[in-house]
Structures are given as structure tokens and as C-alpha cells.
Amino acid sequence: MSKTAENRVPVIEMAVDASIIRIPPHHYIHVLDQNTNIARVEIGPLTYIRQDNERVLFSPARMIMVPPRHYCVVSNPVARDDDSQVLFDQSGQAKLRHADLEIRLSQDPFPLYPGEEIRQSVTPLQIVYPDTALRLQALLDFEDDGGVKRVAGDEWLFEGPGTCIPRKEVVVLETIKATVIRENQAIRLRARKEGKDRGGVQRVTGEEWLVSKVGAYLPGAHEEVIDIVNAFILTDKKALHVRALRPFKDAGGRERRTGEEWLVTMADREVHIPSVAEEVVGVVNVTTLSSRQYCVVLDPVGADGKPQLGQKKVVKGERSFFLQPGEHLENGIQNVYVLSEEEGLVLRAVEAFNDEEEEEEEEEEELPQERVKRSRRSGILRRPGDRWMLRGPIEYVPPASVEVVLKQRAIPLDENEGIYVRDIKSGKVRAVIGHTYMLNQDEELWAKELPANVETLLSSRLDPLADRSTRPAGGDGKPRDKTRVVTFRVPHNAAVQVYDYREKKARVVFGPELVMLGPEEQFTVLSLSGDKPKRANVIKAICLLLGPDFFTDIITIETADHARLQLQLSYNWHFDVKVPADPANAAALFSVPDFVGDACKAIASRIRGAVASVQFDDFHKNSNRIICSAVFGFDEKLAVRPSLRFGQNNLVISSVDIQSVEPVDQRTRDALQKSVQLAIEITTNSQEAAARHEAERLEQEARGKLERQRITDQAEAERARKELLELEALSASVESTGAAKAEAQSQAEAARIRGEAAVNEAKLKAEAQRIEAEAELQRLAKAREQELNYKKEMDALEVQKQERLAQIESQRFREQMDSLGTETLKDIARAGPELQFLRTNYSPSCLRNTRREPGSLPEPNPRSDPRKPQLSWKEDTGPVPTNWVPAALSRKAPEPEPLSQKHQNQERTNPHKH
């Protein structure tokens with residue numbers, strides 16, 4: 001037997017080299033004759049005796065059992081004759097059909113002959129359910145049971161319900177289940193080879209078709225289901241965009257060409273199932289326009305159903321329609337332009353057309369003064385590129401040949417507001433200020449660009465006058481609208497210069513005033529020196545403050561003896577100009593770009609020249625006079641002038657303040673500090689001496705006044721002491737009299753209080769003794785009563801106990817007598833000497849348990865002393881005395897022990913415990 005068979009056939013474990021092999025029923029073995037090399041089958045039940053030249057190939061194996069509705073496949077089966085008997089060759093070997101298969105159905109258990117193998121184990125027959133089929137294919141040419149001849153490669157279906165009986169010439173390719181076709185569904189089939197479908201229609205290989213009959217559909221052997229096609233439900237809101245894949249005739253009977261596209265709407269049919277020659281491009285939603293909407297359709301489909309490429313069509317509401325294939329909307333659905341009186345549309349002609357004539361329509365139901373006039377364009381020839389403007393109030397839908405460039409709205413402007421407008425034809429820019437303005441078709445807003453520093457200054461929120469000491473870090477405001485006229489508020493006592501580059505003129509505006517720049521005008525930016533010491537180009541400003549104000553500078557000077565000093569000076573300044581000023585004086589204000597730097601440099605040079613000719617000591621003593629004379633100079637009378645005037649820009653320096661003087665050289669600084677300290681010390685000492693002298697004078701005067709006051713006070717004190725002594729004597733006499741009287745009264749009151757207290761104490765003691773006596777009497781009465789009750793209860797308990805004991809004893813004696821019986825008592829009376837044996841060897845309890853037979857003796861007492869000699873009943877012990885009574889019967893009941901003293905005390909303390 002092959003290894004495959006050994007693996008699949010159950011084998012009983014048994015030594016194969018044993019001489020005797022017992023084969024159970026329905027088992028078999030293979031025996032190999034080693035002389036002839038032929039193997040044979042031995043079938044049980046059998047006790048097989050192995051010969052020396054034989055060898056058992058395997059232990060007994062169970063036969064193959066194929067139950068009903070099962071089968072197995074055997075490869076290399078044995079050959080059989082017409083009577084199903086196994087054929088053997090001349091040598092006795094079973095003939096095999098090599099490379100062949102045999103399917104064995106339900107039968108009696110059978111063994112496997114040498115060379116046979118189980119290709120497929122026992123398997124249930126395949127059941128084919130309803131709406132199910134097996135696709136079979138023939139491996140060999142054969143003729144089936146129905147007389148149909150099958151050629152190798154043929155395919156057919158075995159449809160259920162039924163049980164498929166396998167054949168070796170047939171192989172099952174797949175199990176096919178019926179496809180359920182529901183309402184509004186169809187299945188798409190394709191032919192594998194030429195033939196007729198289930199409807200009897202001839203099909204070619206690869207042909208596809210639809211089956212839409214509701215129910216279960218089982219495809220044929222040469223059909224395959226590609227997909228389930230769901231129907232599209234068409235409504236008045238949806239349509240189906242379909243494209244033809246090949247020429248065919250659609251459901252409406254219309255011939256379609258390859259690539260043709262069309263819409264299937266609800267007007268055609270409510271439910272559409274695309275055929276195999278159609279391709280669904282998509283679902284098209286309805287386009288709905290209200291009375292205030294319109295749309296522009298590009299490449300519209302003409303009356304012949306062909307798209308007009310490059311054309312446009314305007315569709316106005318109210319209307320609902322579907323876009324045909326190839327059509328699409330330009331900018332989607334758009335609202336009708338509703339223009340008010342302050343609105344307008346700039347239009348441009350896309351192609352040449354004749355604009356309609358303008359006429360006025362009057363509504364009949366309204367009053368004449370309330371009639372609405374609707375403007376229609378006049379019959380003007382419009383050429384491509386023409387621009388014109390349509391003003392409201394009007395409702396306007398642009399035709400296909402007109403393009404809406406933009407929608408203009410009137411710009412409301414205050415008298416201090418304006419916009420820059422540029423003519424797109426001439427390029428001229430102008431400013432419109434102080435009234436509402438709407439741009440026409442040839443105008444546009446113009447953005448005025450300003451330098452970056454001007455933008456920063458304009459966007460800064462710093463006040464030019466109040467925040468003049470603050471440096472702007474940058475524009476922290478919102479961005480400027482560049483189409484608006486640039487405005488700047490000039491504060492009081494300030495001036496702004498504006499330069500017109502087209503006219504090449506400058507104008508100066510004095511505050512408070514609002515400056516509005518024209519299209520070609522720019523602000524003059526001042527770049528002033530700042531910080532200490534002064535640095536150029538630190539301060540950027542548009543407006544020039546006219547003062548009065550001050551600026552501070554730090555300069556370094558050198559005296560005649562080469563002492564270098566650092567001065568911090570503050571100058572008060574203002575511009576000497578009268579408002580309104582003539583243009584020359586006004587322009588002179590801005591003639592010096594950096595008046596701060598120039599003034600500081602000029603003053604510093606004067607001071608250096610004046611100080612260079614004096615010694616340090618002189619300068620230290622007369623620094624203010626030297627600096628003021630150097631700055632302001634002398635008039636004809638050799639007096640210091642009150643101010644310094646710069647004629648270029650009318651700047652006036654009115655005063656100089658010396659804030660600090662510090663030597664630059666360290667040694668000079670130390671020497672100056674020592675001299676200053678010495679001067680301060682001398683001044684301090686002189687002031688201290690004067691103060692000390694004055695203090696001594698004041699002290700002497702105070703001492704004199706104090707002495708006179710002391711004498712006066714002593715006289716007053718003597719007078720007061722005399723009065724005090726008199727009052728003390730009087731008070732002493734009064735005090736002695738009052739003390740005696742008070743002492744007597746207090747003693748009497750104390751005696752009265754002590755008497756009352758003694759009386760009260762006696763009363764309380766008597767009451768306490770009475771209460772104690774009553775409590776003790778009650779306690780003793782209660783104790784005697786409790787003791788009496790206790791005695792009564794104890795006596796009653798003792799009586800009950802004695803009565804109970806007597807009853808128990810009488811009951812016990814009665815039971816003993818009853819247990820002994822009359823005959824036993826007689827024998828005991830006659831026994832004589834045996835009484836001693838009973839007393840020593842048997843307890844009374846034994847006598848109570850001897851009621852089995854009258855006259856029988858109880859068992860010996862196991863608790864008797866084994867060391868004493870035991871007497872036998874057979875020994876002659878003499879007669880039993882007549883007055884003999886068993887010890888157990890003659891024993892009295894023990895008397896109750898008296899209660900101890902402690903227990904009695906407990907009984908007294910808690911009488912209710914018992």
C-alpha cells in the first residue's frame with residue numbers, strides 16, 4: 001500500500017513482524033510474498049499466521065466505508081469484470097488501471113488493493129440548491145446518462161435543486177448563484193463564446209446585453225454577469241447626461257452615433273436604465289432662475305440639437321431648464337443689476353450691435369408724480385471696445401454682446417474730504433473735494449504715492465505739538481487709503497510747507513489749518529538735529545513749530561589756561577513772524593533745513609571764542625556773564641543785547657540757561673571739587689560761629705528769665721503750701737471722726753452678719769442630718785426587704801429542689817425494681833453469699849439493664865478493680881441476707897451545700913439575678 005493510503009486509512013497499531021496477526025472485522029492487511037514479490041490482501045475477521053517467506057506491510061487497517069450520499073476518489077483502481085470481480089494476472093497480482101481514477105459511491109466497506117490510493121477522502125455529495133448551478137467542464141469525451149455526447153472542453157450547467165453525482169470525466173469549475181433582479185434594476189451580461197442566451201437570441205463572443213426582467217436570473221454556462229445596473233430615477237429637478245459608446249437605437253427609437261451626447265429627462269421617461277451602448281456621464285441638476293436672476297450660457301445648443309461653439313445666450317428668470325451637453329454657464333447664476341440713484345454700471349461692447357432706442361414707459365395705475373421711468377438704451381451703434389455708463393435707478397440684464405466692466409457707486413465726500421480721479425483717456429489727474437461724486441466710464445481712482453518717511457509721519461498718532469519730544473517708531477495706525485486726498489491738520493503756532501512739482505511753487509500753511517494735497521503736491525520734510533550733544537537728521541517732521549520753545553546742547557570749551565570744560569546749555573527760541581505773513585517771510589522759515597543744528601553750531605562757536613581768552617578762575621566766577629555776552633553780544637551802549645537773531649529764517653534766541661559745568665580733565669575736576677568743598681566748608685564754619693554766638697546770647701537771656709520765674713514760683717509754692725497745711729489739718733480731724741464712726745458701724749454689721757450666718761448654718765446642718773437619717777433608714781428598709789425576698793426565694797427553690805430530687809429518686813427506685821423484676825428480687829433474697837460478688841463486680845446500672853430474661857445475670861463491671869479476686873456465680877458464697885439493699889438504693893441524696901458568705905453578699909446585692 002502506498003504512503004498516501006497509509007496516511008489516510010486508520011491503522012491498528014500492531015507489530016508487523018509477529019507470526020500471528022489478528023485481523024478484526026472490516027479490517028485488512030497487505031501481505032508480501034518475498035519469493036514472488038507479489039502482495040495480496042487479507043480481509044478480517046481472520047487470524048493470520050505469517051509464513052517465513054511473507055512480510056506484512058502494515059498493521060491491520062480499517063476498510064474504506066462510504067456512507068450514503070458520500071463518495072471517494074481512488075487513483076490507480078483495480079480492473080474488474082462485468083460482474084464487478086477483481087481481475088488478476090497470471091502471477092496472481094491484481095490488475096490496476098494506472099493513471100486512472102475511479103469514483104466510488106455508497107457501498108459495503110472495501111479494502112484498498114496493493115497499488116490503489118485514496119486521491120480524495122470520503123466527501124459528501126454536493127447539493128445544488130434552487131437558484132444555484134454548477135458550471136461543469138468535460139475533461140474527456142464521453143456520453144452522459146441522458147445520451148448527450150460531451151466533448152473534452154465542453155461546458156454546461158447542472159442546475160438545482162438536485163445532487164450532483166461526480167464523474168471522473170467532469171470537473172466542477174465554479175458554483176453559480178442566481179442574481180436577483182429587483183424593480184428598477186438590470187444585470188449586464190457578456191457572452192464567453194458564441195451561442196444562444198436563455199431568451200433564444202444568438203450571441204457572439206464578447207457581446208454584452210441587459211436583462212431587466214424582475215426575478216432571479218441564472219446566467220448560462222457561456223454567460224457571465226459583469227455588473228448590476230441600477231436605474232436612474234428622473235425628476236423635474238434631475239436629468240441624465242448620456243454618451244453613446246457605439247451606434248445604436250435608443251429606447252425612444254432614435255438613431256445615435258458614437259460619441260453623441262444627449263439628456264434624458266422626465267419628459268422622456270421617469271426611470272432610465274442605461275443600455276450597454278450608453279455611458280452615463282453624470283447627473284445634471286436643474287438650473288432655476290428667479291425673477292431677479294439671469295445666466296449666460298456658453299456654446300448653446302441650437303434648434304437642430306448641435307452646439308453653437310463660441311456663441312452666448314442670455315437666459316432671464318423666472319425659468320427652470322437643464323443645461324444640454326456641451327453647455328456651461330459663464331460665472332454661474334448672476335443677480336440682475338438693480339441700480340439706485342447713486343449707482344451706475346460701466347459697460348463695454350464685446351461685439352458690434354445696435355443699442356435699442358431710449359424710451360420711457362409709464363405705469364398706468366400710479367399717479368403722474370409717482371411714475372417710474374425705466375431707461376432703455378437708444379438706438380446707438382456700439383462698436384467692439386466702446387465703453388459707456390448706465391446710471392440708475394434701473395434694473396438691467398446685460399445682453400450677450402455687452403460686458404459689465406465694473407459697478408460704480410457714488411462716493412460721498414465732506415467738505416474736508418476728497419479723492420484723486422484720473423482720466424484714462426488723457427491721463428490727467430485731478431482732485432475732487434467737497435461733494436458726492438461718481439466716476440464715469442472714462443475715469444478711475446488714482447492712488448497717490450508718498451515717500452516712506454511721510455507715510456510714517458502721517459500714520460503716526462503722535463500730536464506734533466504735545467508729543468514733540470517723542471520719536472515716532474513707525475506707522476502704528478491703519479493703512480492709508482491712497483485714493484483719498486492726503487490731509488494733515490496743522491496745529492496752532494506751527495507751519496507746513498507744501499511744494500507743487502507741476503507748478504514749481506511752494507506754499508506755506510500756518511495753523512490751525514487743514515492741509516489737503518493736490519495730485520502733484522508733496523510735503524516738505526524737516527530733518528532736524530537732536531539728542532545731546534546734537535546729532536544731525538535725528539528728528540523728522542512735517543510741521544515746523546514756531547515756538548517759543550527750548551533746545552539743549554552739550555559743548556566742550558577750553559580756557560586760556562587750557563582747562564577743558566563741558567557745558568550743558570539750554571536755549572529759549574522762537575520764530576519772529578507775524579501771521580498772516582507775506583510769502584517771502586513765510587518761505588524764509590523753511591530756508592534753513594536744520595535750524596536747530598545751525599543755531600547750536602553758531603552759538604557754540606561764539607562761546608568757545610569768548611572762553612578761550614579768559615582764565616579758568618575768571619570763567620568759574622563769571623561764567624554766566626561771559627556766556628551771555630558771547631551769545632548775545634553788546635549794543636552801542638556796551639550793554640548785553642536781550643536776544644540773538646538769525647536773519648536767514650528769523651530765528652530768535654531769547655535766553656541761555658547754563659545747566660551744568662563739568663571739567664573734562666580729571667585733575668581739573670578734582671581741583672575744582674576741592675576748591676568748591678573748601679569754599680563750602682569756610683561758609684559753613686562762619687555760619688556755625690554766627691549761629692553759636694546767637695545761641696549763647698539767647699541762652700543767657702533764657703537763663704535770666706528762668707531765674708526770675710523760679711523766684712516767683714517759690715513764693716507761689718510757699719503760699720500754696722500754707723493753704724495745703726490748713727486743709728490737711730481740717731481733713732485729719734474729719735478723717736479721725738469718720739474713721740471711728742465707720743469702724744463702729746462696721747463691727748456692728750459684722751456681728752449681725754456672723755449671727756445670721758451661724759443661724760443659717762445650724763438650720764442647714766439640721767436639714768442635712770435629717771436627710772442623711774431618712775436616706776439611711778430607706779436604705780436599711782430596702783436592704784431588709786431585699787434580704788427577706790432573697791430568703792423566701794431561696795427557700796422556695798430549696799423546696800422545689802428537694803421535691804424534684806425525691807421524685808427523681810422514687811422514679812429511679814421504681815424503674816430499678818421494674819427492671820429487676822419479681823423473680824430477680826426473689827433470687828437476690830435467696831442468694832446469700834453471692835451478694836458480695838454483685839457488690840464488687842456489678843454496678844446498679846447493670847441491674848437496670850438486665851431485662852432480657854428473668855433470672856439472667858448482668859455483665860461484669862469493667863470498672864471493677866482487676867487486682868481484687870473475682871468471684872464466679874458457680875462459687876458457693878452463701879445465702880444473701882434478707883435485709884440487703886443495693887448501695888445505690890440505700891445512698892441518700894446529697895444535701896445542698898450552704899451558700900458562702902461571699903455568695904450571700906452577691907445575692908443581697910443583686911436579688912433579681914435568680
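# Reading strands, loops and cores

Mentor: With a relative accessible area of 23%, Val314 is partly exposed. Keep in mind that this is a predicted model.

Trainee: Where is Val314 found?

Mentor: Val314 belongs to strand β35. Leaving aside residues up to four places away in sequence, Val314 touches Tyr294, Cys295 and Val296, and also Val397, Pro398, Pro399 and Ala400.

Trainee: In what order do the three strands of the open sheet run?

Mentor: The general idea comes before the case. Strands of a sheet pair through backbone hydrogen bonds, and the pairing is either parallel or antiparallel. Here the order is β35-β34-β37, with antiparallel pairing. Strands β35 (312–316) and β37 (328–335) are at the edges, and each has a single partner strand, so one side of each has no neighbour in the sheet. From one strand to the next, the twist averages 15°.

Trainee: How many bridges join β34 to β37?

Mentor: Strand β34, residues 293–298, is joined to β37 by five bridges, and the two run antiparallel.

Trainee: How many residues of strand β49 are buried?

Mentor: For burial, the cut-off is under 20% relative accessible area. Six of the seven residues of β49 (494–500) are buried, so the strand is mostly covered.

Trainee: Which way do β49 and β50 run, parallel or antiparallel?

Mentor: Strands β49 and β50 run antiparallel and are joined by six bridges. Tyr499 has Ala506 as its bridge partner in β50. Their hairpin has four residues between the strands, and Lys504 takes a positive phi near 55° there. Strand β49 is also joined by three bridges to β52 (521–523), again antiparallel, where Tyr499 stands opposite Gln522. Three further antiparallel bridges join β49 to β55 (543–545), and Val496 stands opposite Cys543 in that strand.

Trainee: Which residues have the most contacts inside the largest nonpolar core?

Mentor: In soluble globular proteins, nonpolar side chains tend to be buried together. The largest core in this model has 43 residues, and those with the most contacts inside it are Tyr571, Phe575, Phe595, Ile607, Phe619 and Ile653. Helix α4, residues 595–611, gives the largest share of this core, eight residues. A second, separate core has 20 residues, including Tyr420, Val485, Val486 and Leu545. Phe575 touches several residues beyond four places away in sequence, among them Leu544, Leu545, Phe595 and Asn650.

Trainee: What is the phi of Asn650?

Mentor: Asn650 has a positive phi, near 60°, and is a residue other than glycine. Asn650 is in the loop between β58 (644–646) and β59 (651–663), and its relative accessibility is 11%, so it counts as buried. Asn184 also is not a glycine and has a positive phi of about 60°. Asn184 is in the loop between β19 (179–181) and β20 (185–191), but is partly exposed at 36% relative accessible area.

Trainee: Which residues does a cis peptide bond join, with omega about 5°?

Mentor: That bond joins Gly392 and Pro393. Pro393 lies in the loop between β42 (387–391) and β43 (394–396). Another cis peptide bond joins Gly511 and Pro512, with omega about 0°. Pro512 is in the loop between β50 (505–510) and β51 (513–516).

Methods. Residues are numbered from 1 along each chain as its sequence is written. This is a predicted model: local features need pLDDT of at least 70, side-chain atom pairs count only at pLDDT 80 or more; totals for chains, interfaces and linings use all residues. Side-chain values use heavy atoms; hydrogens and water are left out. Buried means under 20% relative accessible area, exposed over 50%, partly exposed in between (1.4 Å probe, protein chains only). Two strands pair if DSSP finds at least two bridges between them. Axes are lines fitted to C-alpha atoms, for helices over the stretch in contact, and angles run from 0 to 180 degrees between N-to-C directions. Contact means heavy atoms within 4.5 Å. A nonpolar core is a set of buried Ala, Val, Leu, Ile, Met, Phe, Trp, Tyr and Cys residues joined through side-chain atoms within 4.5 Å.
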